[in-house]
Amino acid sequence: MRALVQRVTRASVRVDDSVVAAIGPGLLVLLGISHQDDVAIAERLAERVRALRVFEDADGRMNDSLGEREILCVSQFTLYGDTRRGNRPSFLEAAPSVQAEPLYERFCLQAGAQRGVFGAHMAVESVNDGPVTLLIEA
């Protein structure tokens, strides 16, 4: 499982010109799920994301965790795109929808995240803060 985590001042997801989720300051998580992942991995990664100390503390140092801030999670199978053999990505490592969707939902529940619509064509807007972007794998 891969989580591309961005610290944001705000982020939102639109599907068919309707906002389905929006957050203020917090984390935007693009979540990729492989066919090797399971519930335990989803829960462990969610806890790791919540515990990240990427926000400024009173001294201006990147030392605070999420606290009362929000998380917006968007399913992103393209995080498992393999381009080592040409220009067209292969997605063989990405989990099929029937496996990935329950793990995505479990991650979101464990992380307390708002979410996009699994499998939908989404317009994701974000204002990166810093920018701070981390790739976390579990």
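The side chains of Arg115 and Glu105 form a salt bridge, with N and O 2.3 Å apart. Arg115 is in strand β7 (residues 114-115) and Glu105 in helix α2, 10 residues apart. Helices (H or I, at least four residues) and strands (E, at least two) are DSSP runs, numbered from the N terminus. The model is predicted: local features need pLDDT of at least 70, side-chain atom pairs count only at pLDDT 80 or more, and totals for chains, interfaces and linings use all residues. Residues are numbered from 1 along each chain as its sequence is written, and side-chain values use heavy atoms, with hydrogens and water left out.

**Exercise 1.** State how many salt bridges the structure holds, and describe the one between Glu43 and Arg106.

*Solution.* 
1. A salt bridge is a side-chain nitrogen of Lys or Arg within 4 Å of a carboxyl oxygen of Asp or Glu.
2. The structure holds five salt bridges.
3. In the pair Glu43 and Arg106, the closest N and O atoms are 2.6 Å apart.
4. Relative accessibility is 24% for Glu43, which is partly exposed (buried means under 20% relative accessible area, exposed over 50%, partly exposed in between; 1.4 Å probe, protein chains only).
5. Arg106 is partly exposed too, at 26%.

**Exercise 2.** Describe the volume and the lining of the largest pocket.

*Solution.* 
1. On a 1 Å grid over the protein atoms alone, a pocket is an open set of points where a 1.4 Å probe fits, with protein on both sides within 12 Å along at least five of seven lines; lining residues have an atom within 4 Å of a point.
2. The largest pocket holds about 340 Å³ of space, a volume being the space filled by probe spheres set on the points.
3. Its lining has 18 residues, and Ser75, Gln76, Phe77, Gly119 and Met122 lie nearest the centre.
4. β3 (26-32), β6 (70-75) and α2 (97-111) are the elements that each give two or more residues to this lining.
5. By type, the lining has 11 nonpolar residues, seven polar and no charged.

Definitions and conventions
Ala, Val, Leu, Ile, Met, Phe, Trp, Tyr, Cys and Pro count as nonpolar, Asp, Glu, Lys and Arg as charged, and the others, Gly among them, as polar.
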